[in-house]
Amino acid sequence: SNDPVPRAYGYLSFIENYLENATAEIADKIPIPSAIKFAVQLKSKLETGLDTLADSSIAQEIVTTLSKYVHPGNIVYYEDKDSKPVVLKDMGAFYKNTKGRTDTFRSVPYKPVKKPLSETMTWHREIRPGLMYDDSLLH
């Protein structure tokens, strides 16, 4: 799935693609009359703020640190609710996949959808039977 949660730490290009895909859905949630006024006032502030943030040493240190993150162990991936599980290995952000391996964490790209914000919790919470404890055994 397109679950951004496990990718948030070190798969920054995936998160960038997710946010880019979500822009239209975010815009749909803002009422039009106030959105125009808000957009005009905010546009220059955002551009200035983002430029300042991107140039800041703190932001650069954060990106450098996140880029070094590697998930420990294996990642069990389901393309969708009907797919069989695939075991992926995180080789890190700087791994050069010269052999075209498809079993690496970053070999699974973001797939644009119509409403990514609406689907995020489904992607993150949809746990397959056998990957969670039976609730009756816990209480």
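Colleague: Against which helix do the buried residues of helix 4 pack?

Modeller: This is a predicted model, in which local features need pLDDT of at least 70 and side-chain atom pairs count only at pLDDT 80 or more, while totals for chains, interfaces and linings use all residues. Residues are numbered from 1 along each chain as its sequence is written, and side-chain values use heavy atoms, with hydrogens and water left out. Taking contact as heavy atoms within 4.5 Å, the buried residues of helix 4 pack against helix 1.

Colleague: Which residues of helix 4 are buried, and within what arc do they fall?

Modeller: Helices are DSSP runs (H or I, at least four residues), as strands are (E, at least two), numbered from the N terminus, and buried means under 20% relative accessible area, exposed over 50% and partly exposed in between, with a 1.4 Å probe and protein chains only. In helix 4, residues 116–125, the buried ones are Pro 116, Thr 120 and Trp 123. Seen down the axis, these buried residues line one face of the helix, because the directions from the axis to their C-beta atoms fall within an arc of 80°.

Colleague: Which side chain of opposite charge is nearest to Arg 7, and how far away is it?

Modeller: Arg 7 sits in the segment before helix 1 (12–28), where its contacts include Phe 14, Ile 15, Tyr 77 and Phe 105. Arg 7 is buried yet has no salt bridge, a term that requires a side-chain nitrogen of Lys or Arg within 4 Å of a carboxyl oxygen of Asp or Glu. A polar atom of the Arg 7 side chain does lie 2.7 Å from the backbone oxygen of Asp 3, but the nearest side chain of opposite charge, that of Asp 3, is 5.8 Å away.

Colleague: With which residue does Glu 79 form a salt bridge?

Modeller: Glu 79 is partly exposed, with a relative accessible area of 46%. The closest N and O atoms of its salt bridge are 3.5 Å apart, and the pair links distant parts of the chain, 32 residues apart, from the loop between strand 1 (74–77) and strand 2 (86–89) to the loop between strand 2 and helix 4. The partner is Lys 111.

Colleague: How many residues apart in sequence are the parts that Arg 106 and Asp 90 tie together?

Modeller: The side chains of Arg 106 and Asp 90 meet in a salt bridge, at 2.2 Å from N to O. Both residues lie in the loop between strand 2 and helix 4, so the pair ties together parts whose separation in sequence is 16 residues.

Methods:
Lys, Arg positive; Asp, Glu negative; His and termini not counted. Polar contact = N/O pair within 3.5 Å; in protein donor to acceptor, adjacent residues only side chain to side chain. Lists of a residue's contacts leave out its neighbours within four places in sequence.
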